[in-house]
Amino acid sequence: GGAASRCVAGFHATQGLSEGWLPTLLLLRDYGIPSLFTVYNEQELKYSLQILAELEVRVLDCGVNPFSSLKPEQVQSCPNKPSVHCNAQYVRFQGAVDDLGPQQEEEEEEEKI
């Protein structure tokens, strides 16, 4: 038997990756678990990327979520603002900044042979 595959998906990770997520983010980083989180909008994405950078998490990619909600919703705290689509942005990450990714590890092994 091979190793069990595992990954984490966090949908609409509440107001960006705030303090409540810190212990989980550190565990995901330390165990190198592939993770994908969606966030509300571009502002939350920028905030989340800042937190991930401070935690030295290796961000693989991020941007517009092709699977975001198609239903526009009103921002409850600001009814005069334009409607938004839930889960509009995403960020995908794995491991720490100084970790090698799976592909890099394979390439290094091949160079040794």
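# Contacts, core and strand pairing in a predicted chain

Leaving aside residues up to four places away in sequence, asparagine 65 touches Thr38, Asn87, Ala88, Gln89 and Tyr90, where contact means heavy atoms within 4.5 Å. The model is predicted, so local features need pLDDT of at least 70 and side-chain atom pairs count only at pLDDT 80 or more, while totals for chains, interfaces and linings use all residues. Residues are numbered from 1 along each chain as its sequence is written, and side-chain values use heavy atoms, with hydrogens and water left out.

Asparagine 65 sits in the loop between E3 and strand E4 (72-73). Helices (H or I, at least four residues) and strands (E, at least two) are DSSP runs, numbered from the N terminus. One of the residues that asparagine 65 touches is Asn87, and a polar atom of the asparagine 65 side chain lies 2.9 Å from the backbone oxygen of asparagine 87.

**Overall layout**

Three helices and six strands make up the secondary structure of the chain, in the order β-α-β-α-β-β-β-β-α along the sequence. Of the 113 residues, 32% are buried; buried means under 20% relative accessible area, exposed over 50%, and partly exposed in between (1.4 Å probe, protein chains only). Among contacts between residues at least 6 apart in sequence, 76% join residues at least 24 apart.

**The nonpolar core**

Which residues form the largest nonpolar core? Its twelve members are Leu25, Leu28, Ile33, Phe37, Val39, Leu45, Ile51, Leu52, Leu55, Val57, Val91 and Phe93. Such a core is a set of buried Ala, Val, Leu, Ile, Met, Phe, Trp, Tyr and Cys residues joined through side-chain atoms within 4.5 Å. At least two residues of this core come from each of helix H1 (22-31), strand E2 (35-39), H2 and strand E6 (89-96). H2 gives the largest share, three residues. In soluble globular proteins, nonpolar side chains tend to be buried together.

Isoleucine 33 is one of the core residues. Not counting residues up to four places away in sequence, isoleucine 33 touches Arg6, Cys7, Val8, Leu28, Phe93 and Gln94. Another core residue, leucine 52, lies in helix H2.

**Helix H1**

In H1, the buried residues are Leu25, Leu28 and Arg29. Seen down the helix axis, these buried residues fall within an arc of 100°, so they line one face of H1; the arc is that of the directions from the helix axis to the C-beta atoms. Pro23, Leu27, Asp30 and Tyr31, on the other side of H1, are exposed. Glycine 32 follows H1 and has a positive phi, near 65°.

**Aromatic rings**

The structure holds two aromatic pairs. In the pair of tryptophan 21 and phenylalanine 37, the ring centres are 4.9 Å apart and the planes stand at 80°, so this pair is edge-to-face. Rings of Phe, Tyr and Trp (its six-membered ring) pair if their centres lie within 6.5 Å; planes under 30 degrees apart count as stacked, over 60 as edge-to-face and the rest as tilted. This pair links distant parts of the chain, 16 residues apart: tryptophan 21 is in the loop between strand E1 (8-10) and H1, and phenylalanine 37 is in strand E2.

Relative accessible areas of selected residues follow.

| Residue | Relative accessible area | Class |
|---|---|---|
| Asparagine 65 | 9% | buried |
| Leucine 52 | 0% | buried |
| Tryptophan 21 | 24% | partly exposed |
| Phenylalanine 37 | 0% | buried |

Phenylalanine 37 also pairs with phenylalanine 93; the two rings are stacked, 5.5 Å centre to centre with 25° between the planes. This pair again spans distant parts of the chain, with phenylalanine 37 in strand E2 and phenylalanine 93 in strand E6, 56 residues apart. Both phenylalanine 37 and phenylalanine 93 are buried.

**Strand E6 and its partners**

How many of the eight residues of E6 are buried? Seven are, and the strand is mostly covered. E6 runs antiparallel to E2, and five bridges join the two. E6 also runs antiparallel to E3, with six bridges. Two strands pair if DSSP finds at least two bridges between them. Arginine 92 of E6 stands opposite leucine 36, and arginine 92 is also the bridge partner of aspartate 61.

**A positive phi at glutamate 56**

Glutamate 56 lies in the loop between helix H2 (42-54) and strand E3 (57-64). Phi of glutamate 56 is positive, near 60°, in a residue other than glycine. Most residues other than glycine have a negative phi.

Methods: A polar contact is a pair of N or O atoms within 3.5 Å; within protein, one must be able to donate a hydrogen and the other to accept it, and residues adjacent in sequence count only if both atoms are side-chain atoms.
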